[in-house]
Amino acid sequence: MKTRRGADPRETRLRERLETIRTRSEKSSSWRASTQHLSRLVNRSGFVPIRTRLSREDLVFLAGARDEVLAFADLGMRLIDLHRPQEAGGITSDPETPLRRCRACMARWPCPTFRAVGDALDR
Ligand SMILES: [Zn+2]
């Protein structure tokens with residue numbers, strides 16, 4: 001686990017928490033192929049009775065997955081609520097497309113935070 005010298009202890013704690021979530025997720029099995037198959041087996045009641053083998057890592061991941069996904073979705077929404085464009089004013093070469101900057105970090109729009117959220121979701 002990387003800890004930067006002089007880092008804010010809150011940042012260190014958040015980095016450790018995120019690293020734990022990432023490691024736990026990577027160790028668990030992907031359900032992508034299984035769910036494609038299982039979705040064809042949904043019964044009239046709307047369920048698929050399944051028997052499966054889950055590893056210890058899968059169980060640890062599944063125990064927290066719902067809450068962690070909700071937390072990350074909330075995080076993404078809060079970030080894009082904060083990092084929104086505003087017109088920067090001033091003179092631009094193209095009056096049809098005025099220069100815009102992020103109202104939170106003042107970087108040119110789209111700002112690095114907004115792009116990072118987009119990159120993470122468009123993978
Ligand atoms: Zn920003």
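The zinc ion is held by four residues: His83 (ND1), Cys102 (SG), Cys105 (SG) and Cys111 (SG), at 2.0 to 2.3 Å. Donors here are N, O and S atoms within 2.8 Å of the metal (3.2 Å for Na, K and Ca), and water is not among the atoms, so sites may look incomplete. This is a predicted model, where local features need pLDDT of at least 70 and side-chain atom pairs pLDDT 80 or more, while totals for chains, interfaces and linings use all residues. Residues are numbered from 1 along each chain, and side-chain values use heavy atoms, leaving out hydrogens and water.

Along the chain, the zinc donors follow the spacing H-x18-C-x2-C-x5-C. His83 sits in the loop between helix 3 (56-82) and strand 1 (85-87), and Cys111, 28 residues apart from it, in the loop between strand 2 (100-102) and helix 4 (112-121). (Helices, H or I with at least four residues, and strands, E with at least two, are DSSP runs numbered from the N terminus.)

Now for two other residues, with their contacts beyond four places in sequence:

Are His83 and Cys111 buried or exposed? Both are buried, meaning under 20% relative accessible area, with exposed over 50% and partly exposed in between (1.4 Å probe, protein chains only). Arg108 counts as exposed because its relative accessibility is 58%. Arg108 and Ala88 are 20 residues apart in sequence and 8.7 Å apart in space, C-alpha to C-alpha.
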